[in-house]
Amino acid sequence: MIKSPVCDILEIKYPVFQGGMAWASNHKLAAAVSNAGGLGIIGAGQMPPDLVVQEIRKAKENTDKPFGVNLILYLSYIDELIDAVIKEKVSVVTTGAGNAGPYIKKFHDAGIKVIPVIPSTALAKRMEKAGADAVIAEGTESGGHIGEITTMALVPQVADAVNIPVIAAGGIADYRGFAAALCLGASGIQMGTRFLATKECHIHQNWKNSVIKASDRDTVVTGRPTGHPVRVLKNKLAKMFLELEEKCAPIEEYEKLGTGKLKAASVDGDAEMGSLMSGQIAGLIKEEKTVKEVIDEIVSQTEAFFKNAGKFITN
Ligand code: TUI
């Protein structure tokens with residue numbers, strides 16, 4: 001069986017995380033992933049604190065396994081979100097889009113593990129020093145808000161830079177990505193885009209279908225001038241963002257154009273004017289599956305790969 005130190009730290013069966021995705025990973029997806037032996041993560045996104053509390057309570061009704069909540073740190077009301085999560089006592093918090101350092105002690109005092117998403121070795125080292133339990137090294141192949149370094153280059157450098165477990169994220173959707181991540185020094189993987197196209201994911205069918213029909217060149221990075229670059233599937237909205245860049249538009253115009261667009265993708269299924277966040281690996285995803293199928297398949301095929309890996313060695 002595939003097992004690593006994060007399985008013991010988090011009391012999970014497989015070192016497979018489901019990325020916390022705003023407007024895409026709610027209690028239903030998170031509970032399904034945790035029930036299948038991975039770590040499900042509720043994407044709090046820009047939810048108000050009372051909604052996050054509701055999501056956590058519903059997840060607890062649907063699984064008795066550990067699950068997490070992902071918090072986006074640049075929100076103005078982040079302290080209220082943190083207090084809400086602490087009161088509800090989840091197993092683990094993952095963080096994105098900022099420095100988790102100032103919050104780690106508060107979570108630890110409440111018995112909550114902290115696993116920040118990091119896009120660089122510098123931030124990984126800072127998180128280790130601040131007491132993080134592990135880090136998620138997320139490559140630029142990922143969907144949503146991204147850093148600049150590829151998973152292939154980032155993961156081994158982070159693995160060498162810190163002594164805490166490293167979870168690899170970005171560009172992983174099948175056993176080849178899982179095996180590669182382990183070879184790069186990771187102790188586990190996180191997948192986001194693969195879980196978008198699952199039966200248990202509540203996003204509109206149009207967003208799922210856009211992921212399924214995408215090919216390798218169908219994502220683009222928008223919003224670079226804002227300091228929050230975001231990878232999405234190409235559509236009319238993405239084109240409008242790129243046009244803002246071309247004419248050096250003021251940052252407020254990006255904010256105006258972006259408002260409500262994740263909801264438009266997730267709830268209304270607006271495939272042209274919704275923000276269809278997705279990683280570059282979308283091209284590998286050909287069908288919607290159940291969460292259990294995704295996890296059972298990636299775990300069993302990765303095990304089989306390593307059992308047969310001797311075939312690469314000749315005398
Ligand atoms: O957070 C993510 N992915 C996201 S968040 C999100 S919601 C959103 N919506 C609209 C615009 C922007 C975001 C969608 N996808 N991934 C984790 C991640 N964290 N990627 C990169 C980072 C990151 C970047 C800088 C983490 C830390 C960091 O540090 C800066 C600092 O303060 O030192």
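A polar contact is a pair of N or O atoms within 3.5 Å; within protein, one must be able to donate a hydrogen and the other to accept it, and residues adjacent in sequence count only if both atoms are side-chain atoms. The model is predicted, so local features need pLDDT of at least 70 and side-chain atom pairs count only at pLDDT 80 or more, while totals for chains, interfaces and linings use all residues. Residues are numbered from 1 along each chain as its sequence is written, and side-chain values use heavy atoms, with hydrogens and water left out.

View 1. A backbone N or O atom of A97 lies 2.9 Å from a ligand nitrogen atom. A polar backbone atom of H145 is likewise 2.9 Å from a nitrogen atom of the ligand. For E138, a side-chain N or O atom is 3.2 Å from a ligand nitrogen. The protein buries 75% of the 720 Å² that the ligand exposes when taken alone (Shrake-Rupley method, 1.4 Å probe).

View 2. The largest nonpolar core comprises 79 residues (buried Ala, Val, Leu, Ile, Met, Phe, Trp, Tyr and Cys joined through side-chain atoms within 4.5 Å; buried means under 20% relative accessible area, 1.4 Å probe, protein chains only). Because domain 1 (8-201 + 285-305) and domain 2 (205-281) both contribute residues, this core lies between them; the bounds come from an automatic or database domain assignment. Apart from it lies another core of 13 residues, including L39 and V117.

View 3. Contact (heavy atoms within 4.5 Å) joins 24 residues of domain 1 to 21 residues of domain 2. The C-alpha centres of the two domains lie 22 Å apart.

Definitions and conventions
Buried means under 20% relative accessible area, exposed over 50%, partly exposed in between (1.4 Å probe, protein chains only).
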